[in-house]
Amino acid sequence: MIQHDVSLRGLNTFGLPSVAESYLPLRDLAQLESPHFRTTPALVLGGGSNLLLRENVPGLTVHVLLGGVQELGAAAGAGSGTGTDVHLRVGGGVDWNQLVRYTLDQGLAGMENLVLIPGTVGASPVQNIGAYGAEVADLITAVHVWEYGHGARTLRPDECDFGYRDSRFKKEPGRFLITAVDFRLQRNASSVNTSYGAIIAELERLGVDQATPADVALAVTNIRRSKLPDWFFLGNSGSFFKNPVVPKTTHERIQQDYPQAPSYPIDTDHVKLPAGWLIDRAGLRGARDGQVGTYAKQALVMVNHGGATGEDILAFSSRVQTTVLEKFGVNLEREVRLIGG
Ligand code: EPU
């Protein structure tokens with residue numbers, strides 16, 4: 001069952017070279033009863049889409065391959081007054097985008113704005129994946145976990161401490177392995193979420209008037225393809241940094257030089273700044289050091305032009321952080337998970 005010296009290069013979307021000392025595919029919940037799961041493994045791997053592998057991984061790497069999509073039953077829509085709630089339980093190893101496609105095929109609404117996000121279902125609550133005006137936390141009704149040293153547990157959403165690209169699973173690394181996630185979706189939903197401006201513009205371009213979830217998914221697919229690289233052709237891990245939350249006064253200071261500087265409201269005193277904009281205006285969109293660079297169409301994405309190591313990416317990302325700090329006085333925090341060092 002356990003394999004040794006397994007290359008992880010094909011299992012991380014940056015395409016970084018790294019070797020797992022021991023590698024265990026987790027396909028069946030019964031395996032969790034084995035002694036391997038009494039303590040935290042060195043690495044729990046899903047789709048490898050948010051990982052920066054700095055070096056080889058000593059000890060045990062567990063690759064979560066738990067499958068299955070199960071409908072738990074339908075009930076009258078709570079609150080919205082439209083449509084019918086449908087509850088799905090999905091294995092942690094299921095590919096996120098395949099799940100989104102499956103739900104659209106079933107006529108279910110809820111996941112359409114999150115189409116084409118790389119990674120697995122089990123990883124989705126960890127960084128509370130979000131895009132185009134939606135967050136996975138809004139759909140989650142339960143997270144099923146294995147707690148090392150204890151056993152199986154189910155966490156309610158209010159026990160998951162969800163935030164912007166954040167959750168309890170990030171704050172307490174090494175405590176839980178996510179085995180399955182329950183989602184609430186809607187059949188016959190009467191409205192879709194087009195709050196993100198670019199979706200409306202793309203729907204207009206497509207000539208869509210009354211948008212269905214499938215229309216929104218198509219619009220998001222087109223927008224993503226126009227500015228995010230496909231990791232299959234160009235190694236990357238999506239947004240490399242989080243969008244920083246700063247005091248409003250910081251944004252006002254930046255506006256003195258850049259009156260059009262974008263921001264998103266957070267509360268009365270704080271705004272979120274798009275890190276991609278900051279990196280771009282710092283002159284680093286499309287910049288390159290050897291085999292590492294920022295993507296020419298979206299500066300927030302670091303790309304491996306081929307043959308880069310985790311160390312190369314880390315060094316380049318430090319240069320980006322320093323440049324943005326010097327120019328704007330804003331600290332960029334990594335969004336990707338650094339493994340090793
Ligand atoms: N911008 C630039 N230059 C750039 C990149 C962005 O000027 O090189 C500007 C854009 O013109 C826009 C603003 O920055 O005014 C925001 O850009 P965008 O709409 O592309 O979104 P983002 O804030 O950079 C976030 C998420 C993405 C998600 C998009 C769409 C984070 C860290 N990133 O990016 O998520 O797809 O919004 O909702 O929150 C991911 O997490 O991996 C990811 C791709």
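Which residue of β2 is the bridge partner of S7? The partner is V19. The model described here is predicted.

Between β2 and β5 the direction is parallel, with six bridges. Within this pairing, Y23 has T61 of β5 as its bridge partner. Strands β3 and β5 also pair in the parallel sense, over three bridges, and here L45 stands opposite H63.

Strand β5 spans residues 57–64. Six of its eight residues are buried, so β5 is largely enclosed by the rest of the structure. H63 lies in this strand and is itself buried, at 8% relative accessible area. Leaving aside neighbours within four places in sequence, H63 is in contact with L11, Y23, L24, P25, L26, L45 and G46. One of these contacts, L24, is 39 residues away from H63 along the chain, yet the two C-alpha atoms are separated by 6.1 Å.

Strand β20 (residues 298–304) has six buried residues out of seven and is mostly covered. β20 pairs with β14 (residues 235–239) in the antiparallel sense over three bridges, and N236 has V303 of β20 as its bridge partner. β20 also runs antiparallel to β19 (residues 292–295), to which four bridges join it. In that pairing V292 stands opposite N304. A hairpin of two residues links β19 to β20.

| Strands | Sense | Bridges |
|---|---|---|
| β2 and β5 | parallel | six |
| β3 and β5 | parallel | three |
| β14 and β20 | antiparallel | three |
| β19 and β20 | antiparallel | four |
| β15 and β17 | antiparallel | three |

**The loop residue K242**

K242 is found in the loop between β14 and β15. Is K242 buried or exposed? With a relative accessibility of 14%, K242 counts as buried, since the cut-off for that class is under 20%. Not counting residues up to four places away in sequence, K242 touches Y164, R165, K170, A275, E333, R334 and E335.

Three strands form an open antiparallel sheet in the order β15-β17-β16. β15 and β16 (264–265) are the edge strands; because each has a single partner strand, one side of each is left without a neighbour in the sheet. Three bridges join β15 to β17, with P247 opposite H270 of β17.

Helix α5 lies across β15 and β17, at about 85 degrees to β15. The helix covers residues 248–257, and its buried residues are T250, H251 and I254. They span an arc of only 95 degrees around the axis, which puts them on the same side of α5. In general, an α-helix has 3.6 residues a turn, so residues three or four places apart point the same way. The buried residues of α5 pack against β15 (245–247), β17 (270–272), α6 and α7. On the face turned away from the buried side, α5 carries the exposed residues T249 and Q256.

**Helices α6 and α7**

How do the axes of α6 and α7 meet, and at what angle do they cross? The axes of α6 (residues 275–284) and α7 (residues 310–328) come within 9 Å and cross at roughly 90 degrees. The two helices are therefore roughly perpendicular to each other. On the α6 side, the contact is made by W277, L278, I279, R281, A282 and L284, and on the α7 side by R319, V320, T323, V324, K327 and F328. By class, this contact has eight nonpolar, one polar and three charged residues.

Key
Residues are numbered from 1 along each chain as its sequence is written. This is a predicted model: local features need pLDDT of at least 70, side-chain atom pairs count only at pLDDT 80 or more; totals for chains, interfaces and linings use all residues. Side-chain values use heavy atoms; hydrogens and water are left out. Two strands pair if DSSP finds at least two bridges between them. Buried means under 20% relative accessible area, exposed over 50%, partly exposed in between (1.4 Å probe, protein chains only). Axes are lines fitted to C-alpha atoms, for helices over the stretch in contact, and angles run from 0 to 180 degrees between N-to-C directions. Angles under 35 degrees count as roughly parallel, over 145 as roughly antiparallel, 65 to 115 as roughly perpendicular and the rest as oblique. Contact means heavy atoms within 4.5 Å. Ala, Val, Leu, Ile, Met, Phe, Trp, Tyr, Cys and Pro count as nonpolar, Asp, Glu, Lys and Arg as charged, and the others, Gly among them, as polar. The arc is that of the directions from the helix axis to the C-beta atoms.
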